[in-house]
Amino acid sequence: MDAGTLTKSDYLLYRQAPLHLWARAHGRLSDAPPSAQDLHRMRQGLAIEPAARAFLEARLAGQAVLNWQPTFSDGPYEFRADVLARDEASGDVDLYEIKAVTRLDASHIEDTAFQALVLRTHHPLRRATIVHLNREYVRGAELKPAGLFIAEDVTAQIEVVEPLVLAERARAHALLAEAAAAPLEAHCTNPNTCPCPEVCHPGLPELSIYDIPRLNAGKAAELRERGVLDLRDVPGDFPLTDRQRRMVLATQTGAPLIDVERIRSTLAGLAWPLWFLDYETFDPSLPWFKGYRPYQDMVFQFSLHVLTEPGADPQHFEHLALGPDDPGRSVAAALAAVMQPTGAVLVWNKGFEAARNKEMASLYPEYAETLLSINDRLFDLMTVFGQGHYIHPGFKGSASIKSVLPVLLPQFSYADLPVGEGSQAMQVWEELVRGARQGEARREAIQDLLAYCRLDTLAMLEIWRFLSLL
């Protein structure tokens with residue numbers, strides 16, 4: 001990168017954490033490829049651009065001349081605008097920024113303020129507007145840009161933050177030329193998502209303070225100031241919640257903390273048969289089918305393991321929708337064909353499955369009775385771990401099934417699967433429905449998706465069995 005130029009993306013990286021920008025300037029960012037989730041979000045951002053362009057062209061037709069993606073600089077500061085609109089009658093200039101989000105946050109306002117400061121050195125700026133997706137938009141038979149987007153005037157908001165941006169961009173620019181060692185106080189507070197962990201968190205122990213569940217940034221900073229990075233070194237008098245303290249204690253002693261009576265009482269009320277259910281979903285920025293909103297999850301797959309009675313061998317049902325039509329309808333129909341109206345339905349993260357069932361019940365009323373009945377019988381197996389009834393140092397503070405399973409039952413593993421997490425499943429499914437995989441590659445991809453979702457419900461069944469033997 002040019003050490004003399006600070007772009008808008010540089011500024012936003014600096015605002016994440018100053019060391020992130022320092023690492024980029026010194027070639028110290030991680031060379032790991034973008035994750036499946038990163039790629040998915042990038043694709044969803046690109047997907048809205050043609051529709052957003054159509055929206056603005058229709059909105060400003062006959063009123064302004066549109067200049068798409070012009071670049072402006074002011075000394076060391078540079079940005080590329082999404083759209084610059086010049087009023088044909090008055091000559092006034094308006095800035096339009098396009099965001100693939102359904103609601104704005106502080107970073108979007110700072111982003112636009114950075115642009116406005118540079119742009120005003122070239123043109124008198126009348127108005128700054130952010131065009132973003134309308135979360136209340138429901139697609140009809142066709143996708144209509146007129147209702148899909150909201151043009152939100154943020155002129156007043158950017159004027160409020162411009163003094164902050166002026167000061168911070170100067171600090172960011174000075175950091176670009178900093179050749180000294182990285183300033184340790186400028187690190188981020190999330191090593192799991194850090195783009196330069198060797199810079200922000202050098203020598204971080206395998207079990208660190210960042211593994212304490214729901215530890216806020218202020219308390220993490222206080223521990224660092226005390227020189228405490230290893231979770232096992234957290235002082236006994238440091239203020240933590242009960243769950244946090246129990247997790248620290250389990251790590252310090254090296255032994256799990258198990259509330260056997262609480263687990264037994266939690267599982268005792270489950271009605272038979274037991275259904276272990278999992279969905280896979282895809283959340284496009286632009287809704288693909290009638291009745292959907294931007295970023296609304298489409299259920300394209302389910303796996304269902306069933307135990308009809310204690311000691312019975314499990315039965316398994318699964319469905320993967322790959323046709324050109326709404327996958328949710330196919331999933332709901334296949335589920336209704338096998339799901340009985342009695343017995344507990346065990347899931348991992350109850351809120352997710354419950355929301356999908358409610359949405360599908362609204363979209364496909366012919367299956368509403370089955371879907372809403374499932375919601376009436378849901379039991380979240382994750383709560384055993386999320387509420388701290390079973391705490392193990394190996395979970396590293398997480399209640400994710402991918403953290404719990406290999407600790408309790410190491411014979412089961414996601415690591416060996418070609419598709420091993422949800423964002424990968426989304427990517428593979430999209431490639432299948434768009435025809436990007438054919439022949440043997442297609443057959444293998446289908447089996448990979450089925451194996452991934454199948455392991456989710458098998459994992460729940462086996463974890464339930466493990467807990468039942470306590």
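Gly-27, which comes just after helix H2, adopts a positive phi of about 65 degrees. This value, like the others in this report, comes from a predicted model. H2 itself spans residues 18-25, and its buried residues are Leu-19, His-20, Leu-21, Trp-22 and Ala-23.

The cover over these buried residues of H2 includes strand S1 (6-7) and helix H1 (8-16). Helix H7 and helix H8 (197-200) also contribute to that cover.

## Strand S5 and its partners

Strand S5 covers residues 83-87, and four of its five residues are buried, so the strand is largely enclosed by the rest of the structure. S5 pairs with strand S2 (residues 64-68) in the antiparallel sense, over five bridges. In this pairing, Val-65 stands opposite Arg-86 in S5.

S5 also pairs with S6, again in the antiparallel sense, over four bridges. Here Leu-84 stands opposite Leu-95 in S6. The two strands S5 and S6 form a hairpin with five residues between them. Within the turn, Gly-91 has a positive phi of about 80 degrees.

## Salt bridges between separate elements

A search of the whole structure returns 28 salt bridges. One of them joins the side chains of Arg-127 and Asp-94, with an N to O distance of 3.3 Å. Arg-127 belongs to strand S7 (residues 125-133) and Asp-94 to strand S6 (residues 93-99), so this pair ties together parts that are 33 residues apart in sequence. Arg-127 is partly exposed at 30% relative accessibility, whereas Asp-94 is buried, with a relative accessible area of 4%.

Glu-318 and Arg-454 form another salt bridge, their closest N and O atoms being 3.3 Å apart. Glu-318 is in strand S12 (residues 315-320) and Arg-454 is in helix H18 (residues 439-468); the bridge therefore ties together parts that are 136 residues apart in sequence. Glu-318 is partly exposed, at 32% relative accessibility, and Arg-454 is partly exposed, with a relative accessible area of 28%. Elsewhere, salt bridges that share partners join Asp-87, Asp-92, Asp-94, Arg-126, Arg-127 and Asp-153 into one network.

An α-helix has 3.6 residues a turn, so residues three or four places apart point the same way. Arg-171 is partly exposed at 46% relative accessibility, while Glu-168, at 12%, counts as buried.

## Cysteines without disulfides

The structure holds zero disulfides. For Cys-196, the closest cysteine sulfur is that of Cys-194; the separation of 4.0 Å is too far for a bond, because a disulfide requires the two sulfur atoms to be within 2.5 Å. Cys-196 is buried, at 1% relative accessibility.

Cys-200 is likewise in no disulfide, and its nearest cysteine sulfur, again that of Cys-194, is 3.8 Å away. Cys-200 is buried as well, with a relative accessible area of 1%.

Notes:
Residues are numbered from 1 along each chain as its sequence is written. This is a predicted model: local features need pLDDT of at least 70, side-chain atom pairs count only at pLDDT 80 or more; totals for chains, interfaces and linings use all residues. Side-chain values use heavy atoms; hydrogens and water are left out. A salt bridge is a side-chain nitrogen of Lys or Arg within 4 Å of a carboxyl oxygen of Asp or Glu. Buried means under 20% relative accessible area, exposed over 50%, partly exposed in between (1.4 Å probe, protein chains only). Two strands pair if DSSP finds at least two bridges between them. Contact means heavy atoms within 4.5 Å.
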